[in-house]
Amino acid sequence: MTAALAPSRLGTYKRAEECMGTVFSFHVVLTEANSERVEGAVEDAIAWLHWVDETFSTYRHGSALNRYARGELELADCPAQLEEILRRCSALEARTGGYFSAHLDGRLDPSGYVKGWAIERASDMLVGEGATSHMINGGGDVQCQGRTADGEPWRIGIASPFSREMLLGVATGSPLAVATSGNAERGDHVLDPHTGEPARDLASVTLIGTHITVADAYATAAYAMGKRAYGWLASLHDYRAFVVDADGSTWSSDPGAAALAD
Amino acid sequence: MKRVILSIAGTIASLAALLGFKTHGAAHLATLPSASRTTPTQTPTGGGATTIGATPQPSSSSSSSGASSSSNKQSSSSSSSTAPRTAVGDAYQNQFGTVQVQVTVSGKTITNVKFVQLTAYDQHSQEINSQAGPMLLQQTLDAQSANINGVSGATYTSTSYVQSLQSALDKL
């Protein structure tokens, strides 16, 4: 698929790019100060995403990640980001009771971390180029900074896992990160790292916060937890959860209440 | 200093009430229904919603004094309908402290909002308020008609993206 291009009548530059088996959408609000630089900044961010894919993909035999996993490369000989990825995955594993894990069946697979992390770094790159208001949506994992061209907080719809034509809620804020984990489109692709079995208790888990890397990892972990996710999500102070159970019922957490309860 | 752009519809009093009840986060305010325009005398007289940019600033010395006062102070006014007018809303207490807002109106447009009292924002409250953070509005909507910028769902593959809502939003 080719890119959707061109600044919109709302003063938003839009671009879409296929990468990592999904599509990344960029919406960048143009200002007098940044308009000359936005297109180049988005291209740089896209180049970054492709580099991440080539370097850290588990699907590419020759990726640095796979070569490291096979023992062909020392960590010191890999791109420095690999050490960062592994360290942060370990921290997330601890924070999620092992439900988020970069190791599955003894195989190194940090792909549950890499996409969100790549999006967050791309967002940082845009901010660095003066594109302080933007949205990046990587296959349903969304990072927003600043405001829309209308000056409003970004509004991100949460699609029903049962019908993509229906939204079950809208997340809004600035900054804003929204990640959803579920089985709606790729079959049972989230496995419980403790059992190796597909997670099936929940239809989808959405995490709403400020950083997509954390939101994405938490959503993956909570989805793998199944029914255990409710208690864990309710204890989070800084990320709001929205859960659609396999039975169709919905539930959302209240981070403010979690903070007061401590 | 927090910077927020507030989407405001309603009286000064209801604005202050909402700020007091919730947080300074714009996400909450963005959900206010259309209500009335703001007047210096704080009398709702009907009108439409107004979108403004504002930098709420706890004013340095005046904000901390008289924190218990809930009286209205009209700091300036004009008989002209277009000259900027400023009004101070009621002070509202909530569990975290006191919030009082000053609004400047030019014609029917709110041109500035600042906090004249913000005792709520001690260390602990700031923690709580920042944790309230990004907001979830739970409502069932038809995806095609919803006023959204993007969509989050269980992983969208590139194949399905072609038919997805996000791809439609990219073209708007």
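Where pLDDT is low, predicted coordinates should not be read in detail. The mean pLDDT of chain A is 88, and 92% of its residues reach 70 or more. Local features need pLDDT of at least 70, and side-chain atom pairs count only at 80 or more, while totals for chains, interfaces and linings use all residues. Residues are numbered from 1 along each chain as its sequence is written, chains are lettered from A in the order written, and side-chain values use heavy atoms, without hydrogens and water.

Helices α1 (residues 38-56) and α4 (residues 111-128) of chain A pack at about 155 degrees, with axes 9 Å apart. They are therefore roughly antiparallel (over 145 degrees). The contact has 14 nonpolar, no polar and two charged residues. Asp, Glu, Lys and Arg count as charged; Ala, Val, Leu, Ile, Met, Phe, Trp, Tyr, Cys and Pro as nonpolar; the others, Gly among them, as polar. Contributors include A:Asp44 and A:Trp48 of α1(A), and A:Trp117 and A:Arg121 of α4(A).

Four strands form an open sheet in the order β7(B)-β8(A)-β7(A)-β8(B), with mixed pairing. Pairing requires at least two DSSP bridges between two strands. The edge strands are β7 (135-142) and β8 (150-152) of chain B. Strand β8 (residues 166-173) of chain A pairs with β7(B) in the antiparallel sense over six bridges. There, A:Leu167 has B:Leu141 as its bridge partner.

Technical notes:
Axes fitted to C-alpha atoms, helices over the stretch in contact; angles between N-to-C directions. Helix = DSSP H or I, 4+ residues; strand = E, 2+ residues; numbered from the N terminus. Parallel < 35°, antiparallel > 145°, perpendicular 65-115°, else oblique. Contact = heavy atoms within 4.5 Å. pLDDT = per-residue confidence, 0-100.
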